[in-house]
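Colleague: I would like to go through the charged pairs in this model with you. Could we begin with the terms?

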Amino acid sequence: MTILLFREDAYLQSCPAAVLAVNDRGGIVLDQTVFYATAGGQPGDKGRLTWDGGEAPIATAVYDESKNVVHVPASPGPLPAVGASVTAVLDWDNRYRNMRVHTLMHLLCASVPHPVTGGAIGEDGGRIDFDIPE
């Protein structure tokens, strides 16, 4: 299972890792990662993986059925080999914006005296829905 380094340090922007697998669709599984995977209404992180002689832009990260984080390349191209040492690097501006929107949504939940019925963070900010009577 992938070690989720962001759980210990949300401000960690990169990490070394080893490639555990490359799935049949080109998704890359690492032994550890700083990438947050899409979950709970929050988008997965973007960034890049670099290795000796290569680089792959990462469009997002998702969980597979075994709860490993799969790093999804932005486009077809060279991928690191299983066992390769890589560096996982976040698009920090994107991560930090998502962190701020997430915190703001919690503050709104604490400030608005109505039940929350949904919410999500997207490319253009966030949305939170309240059940406010007419």
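Modeller: Partly exposed covers a relative accessible area between the buried limit, under 20%, and the exposed limit, over 50%. Please bear in mind that this is a predicted model.

Colleague: Is Arg48 buried, exposed or in between?

Modeller: Arg48 has a relative accessible area of 34%, so this residue counts as partly exposed.

Colleague: Which residue forms a salt bridge with Arg48?

Modeller: The partner is Glu55, and the closest N and O atoms of the pair are 3.8 Å apart. That separation qualifies because the cut-off for a salt bridge is within 4 Å.

Colleague: And what is the accessibility of Glu55?

Modeller: Its relative accessibility is 45%, so Glu55 is partly exposed as well.

Colleague: How many salt bridges does a search of the whole structure find?

Modeller: The search finds three. One of them joins the side chains of Asp45 and Arg95, with an N to O distance of 2.7 Å.

Colleague: Where do Asp45 and Arg95 lie in the chain?

Modeller: Asp45 is in the loop between strand 4 (32–33) and strand 5 (47–51), whereas Arg95 belongs to helix 1 (residues 92–111). The two are 50 residues apart, and the pair links distant parts of the chain.

Colleague: Are Asp45 and Arg95 buried or exposed?

Modeller: Both residues, Asp45 and Arg95, are buried.

Colleague: Turning to Arg127, which side chain does it meet in a salt bridge?

Modeller: Arg127 meets Asp129, at 2.9 Å from N to O. Arg127 is partly exposed at 44% relative accessible area, and Asp129 is partly exposed at 26%.

Terms used:
Residues numbered from 1 in each chain as written. Predicted model: local features only at pLDDT ≥ 70, side-chain atom pairs only at ≥ 80, totals over all residues. Heavy atoms only, no water. Helix = DSSP H or I, 4+ residues; strand = E, 2+ residues; numbered from the N terminus. Buried < 20%, exposed > 50% of the residue type's maximum accessible area, 1.4 Å probe, protein only.
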